[in-house]
Amino acid sequence: MPMYLLLRGEDVFCSLAYRDVLMIIRGLMILVVVIALGLSVAERQLNTLTQRQEFVRILDISRNHEGIYTMEILGSDCSISAVYAVAEIKNQNAGVSIKTSLGTWTVPKYLYIDCRKEFAWLTSKMRYLENYLKQGWETINVYLRQFR
């Protein structure tokens, strides 16, 4: 038999109605705003007495050039780095090397293709085509002479 926490014969862990949840959230938001305004007024009064600063800062978020976010809430600092080492990139003469935890990839800068066989084949076909065109031109000239 499971044990349930009962309060006056009813289940304590029952879900709240939507209106009750909205009322609780609204009350918490008002409480946060009142606390922030109270802290702002208290800090302004303290600054007036000590003549330190002319403005009140409750929340300050900044980012430096290295990608580190610094957040200051009510005088407490918190830093978060947005830069994570994912890969190492090396630029070399032959190519670019990308080294990660999974492996290393090299991307070549120059492509070397040996086309000597293809160029030799194209040269032989070009000579054959030139000879074929010469023969065709000579044949056309013979027909033109006969036609005149």
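Modeller: Rings of Phe, Tyr and Trp, the last by its six-membered ring, pair if their centres lie within 6.5 Å, and planes under 30 degrees apart count as stacked. The model discussed here is predicted.

Biologist: How many aromatic pairs does the structure hold, and is the pair of Y128 and Y132 stacked or edge-to-face?

Modeller: The structure holds 1 aromatic pair. The ring centres of Y128 and Y132 lie 6.4 Å apart with their planes at 20°, so this pair is stacked.

Biologist: By about how much of helix α2 are Y128 and Y132 separated, and are both buried or exposed?

Modeller: Both Y128 and Y132 are exposed. Because they stand 4 residues apart in helix α2, which spans residues 116-147, their separation is about one helical turn.

Biologist: Which strands are the edge strands of the open sheet of 3 strands?

Modeller: The sheet has the order β3-β4-β5, and its pairing is antiparallel. Two of its strands pair on one side only, and these edge strands are β3 (59-63) and β5 (76-81).

Biologist: Over how many bridges do β3 and β4 pair, and which residue in β4 is the bridge partner of S62?

Modeller: Strand β4, residues 68-73, pairs with β3 in the antiparallel sense over 5 bridges. For S62, the bridge partner in β4 is T70.

Biologist: What percentage of the residues of the chain count as buried?

Modeller: The chain contains 2 helices and 8 strands, and its accessible surface comes to about 14,600 Å². With buried taken as under 20% relative accessible area, the share of its 148 residues that count as buried is 3%.

Technical notes
Residues are numbered from 1 along each chain as its sequence is written. This is a predicted model: local features need pLDDT of at least 70, side-chain atom pairs count only at pLDDT 80 or more; totals for chains, interfaces and linings use all residues. Side-chain values use heavy atoms; hydrogens and water are left out. Rings of Phe, Tyr and Trp (its six-membered ring) pair if their centres lie within 6.5 Å; planes under 30 degrees apart count as stacked, over 60 as edge-to-face and the rest as tilted. Buried means under 20% relative accessible area, exposed over 50%, partly exposed in between (1.4 Å probe, protein chains only). Accessible areas come from the Shrake-Rupley method with a 1.4 Å probe; for residues, only the protein chains shown count as cover. Two strands pair if DSSP finds at least two bridges between them.
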